[in-house]
Amino acid sequence: MKINFDGSFIQDRKSGAWGFVVRDHEGSVILAGVGNLDNVHDALCAEAHACLIAITVAADQGMMQIQLESDSMVLVKALKSPNYDLLARGTLFREAKFLLDTQFISFDVNYVTRSCNVCAHELARCGLLWDPDQSYVWVDPLPEFVISLAVRHIHDPSET
């Protein structure tokens, strides 16, 4: 399963949001989620929360092999090495790595450009408009707006 996730952040409100979309081996969207975050310190924190939520939902759904994709190069590096573990947000990185190591048979974390992560990005932007700590995860049926976003923003895997 391929999971694209993204976070959004509003500096002056110190709030954020998250969004993710899960596609199967044929590229069909099978799961999506969006939510609002209260008390977020920065954009990287919002990205890390988006990652943690996507990982947790994937594990809860019984997914065993996942490929994570993010447009945050720093977050991808933080998930692939211990070099960022002692930063202020290090707890989030360590928690995500722990979940990946303990909940999945195999996983990969990859950087993709924003153009390859548009669906997750747009879902995270939607979350900014919702009430604090409001979130949704959809399995089947997916809401029409999620299907529309996913169809409009299918990318060629060779672009990553």
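Student: Where is Ser70 found?

Tutor: This is a predicted model, in which local features need pLDDT of at least 70, side-chain atom pairs count only at pLDDT 80 or more, and totals for chains, interfaces and linings use all residues. Residues are numbered from 1 along each chain as its sequence is written, and side-chain values use heavy atoms, with hydrogens and water left out. Helices (H or I, at least four residues) and strands (E, at least two) are DSSP runs, numbered from the N terminus. With that numbering, the place of Ser70 is strand 4.

Student: Is Ser70 buried or exposed?

Tutor: Buried means under 20% relative accessible area, exposed over 50%, and partly exposed in between, using a 1.4 Å probe and protein chains only. Its contacts (heavy atoms within 4.5 Å), leaving aside neighbours within four places in sequence, include Phe5, Glu47, Leu75 and Tyr111. Because its relative accessibility is 1%, Ser70 is buried.

Student: Which backbone nitrogen does the side chain of Ser70 reach?

Tutor: A polar contact is a pair of N or O atoms within 3.5 Å; within protein, one must be able to donate a hydrogen and the other to accept it, and residues adjacent in sequence count only if both atoms are side-chain atoms. The distance here is 3.0 Å, and the backbone nitrogen belongs to Ser72.

Student: Which residues touch the most other members of the largest nonpolar core?

Tutor: A nonpolar core is a set of buried Ala, Val, Leu, Ile, Met, Phe, Trp, Tyr and Cys residues joined through side-chain atoms within 4.5 Å. The largest one has 33 residues, and those touching the most other members are Phe20 and Leu68.

Student: Which element gives the largest share of this core?

Tutor: Strands 1, 2, 3 and 4 and helices 1, 2 and 3 each supply at least two residues. The largest share, 11 residues, comes from helix 1.

Student: What is the order of the strands in the open sheet?

Tutor: Two strands pair if DSSP finds at least two bridges between them. Strands 1 and 2, for instance, run antiparallel and are joined by 9 bridges. The sheet has 6 strands with mixed pairing, and its edge strands, each pairing on one side only, are strand 5 and strand 6.

Student: What angle does helix 4 make with strand 2?

Tutor: Axes are lines fitted to C-alpha atoms, for helices over the stretch in contact, and angles run from 0 to 180 degrees between N-to-C directions. Helix 4 (residues 118-127) packs on the sheet, touching strands 1, 2 and 3, and its angle with strand 2 is about 145 degrees.

Student: How far apart are the end C-alpha atoms of helix 3?

Tutor: The expected span of a helix is 1.5 Å times one less than its number of residues. Helix 3 covers residues 90-103, so its 14 residues should span 20 Å. The model agrees, with a distance of 20 Å.

Student: Which residues does the cis peptide bond join?

Tutor: Most residues other than glycine have a negative phi, and most peptide bonds are trans. The cis bond has an omega of about 10 degrees and joins Asp140 and Pro141.

Student: What is phi of Asn39?

Tutor: Asn39 is found in the loop between strand 3 and helix 1, and counts as exposed because its relative accessibility is 62%. Its phi is positive although it is a residue other than glycine, with a value near 60 degrees.
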